[in-house]
Amino acid sequence: MIDHLKGSFDASDKLKSTGATLDDDLLAIMLLQSLPSSFENFRCAIESRDKLPDLEIQKIKILEEHKSRHSVNDNHNSSAMIAKT
């Protein structure tokens, strides 16, 4: 996910460096739409807000969600190993 976010921000920086004008809300929507389908509930929750969070806040929230999902998976795997032994 870190590589995905880095790639997205690098691409938007390159576009901006060419003189293209990109609205932050458009970039936020593009970032949300670029997430894998497993983030559908997360995407819907963010998009249903009255105002989208700015790009940096959105980036942090995506990383927190990703970390949370991996933490839950790691805990399930550890529990399975204990139950198996």
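D24 and K16 form a salt bridge whose closest N and O atoms are 4.0 Å apart; the term denotes a side-chain nitrogen of Lys or Arg within 4 Å of a carboxyl oxygen of Asp or Glu. The structure is a predicted model, in which local features need pLDDT of at least 70 and side-chain atom pairs count only at pLDDT 80 or more, while totals for chains, interfaces and linings use all residues. Residues are numbered from 1 along each chain as its sequence is written, and side-chain values use heavy atoms, with hydrogens and water left out.

### Salt bridges

Under the salt-bridge rule the count is four. The table lists three of them, including the pair already named.

| Salt bridge | Closest N and O atoms |
|---|---|
| D24 and K16 | 4.0 Å |
| E40 and R43 | 2.4 Å |
| R69 and E65 | 2.9 Å |

Accessibility is described as buried (under 20% relative accessible area), exposed (over 50%) or partly exposed (in between), with a 1.4 Å probe and protein chains only. D24 is partly exposed at 45%, and K16 is partly exposed at 37%. E40 is partly exposed at 37%, whereas R43 is buried at 7%.

Helices here are DSSP runs (H or I, at least four residues), numbered from the N terminus. E40 and R43 lie three residues apart in helix α3 (residues 40-47), about one turn of the helix. R69 and E65 are four residues apart in helix α4 (residues 55-84), again about one helical turn.

### Aromatic rings

Rings of Phe, Tyr and Trp (its six-membered ring) pair if their centres lie within 6.5 Å; planes under 30 degrees apart are stacked, over 60 edge-to-face, and the rest tilted. One aromatic pair is counted. The ring centres of F39 and F42 are 5.9 Å apart and the planes stand at 90°, so this pair is edge-to-face. F39 is buried, at 3% relative accessibility, and F42 is buried at 11%.

A charge sits over a ring if NZ of Lys or CZ of Arg is within 6 Å of the ring centre and within 35 degrees of the ring normal. The charged end of R69 sits over the ring of F39, 4.1 Å from its centre. K59 lies over the face of F9, 5.2 Å from the ring centre.

### Helix α1

F9 also belongs to α1, where L5, F9 and S12 are buried. Seen down the helix axis, the buried residues of α1 fall within an arc of 60° (taken from the directions from the axis to the C-beta atoms), so they line one face. The face turned away from the buried side of α1 carries the exposed residues D3, K14 and S17.

Conventions. Helices (H or I, at least four residues) and strands (E, at least two) are DSSP runs, numbered from the N terminus.
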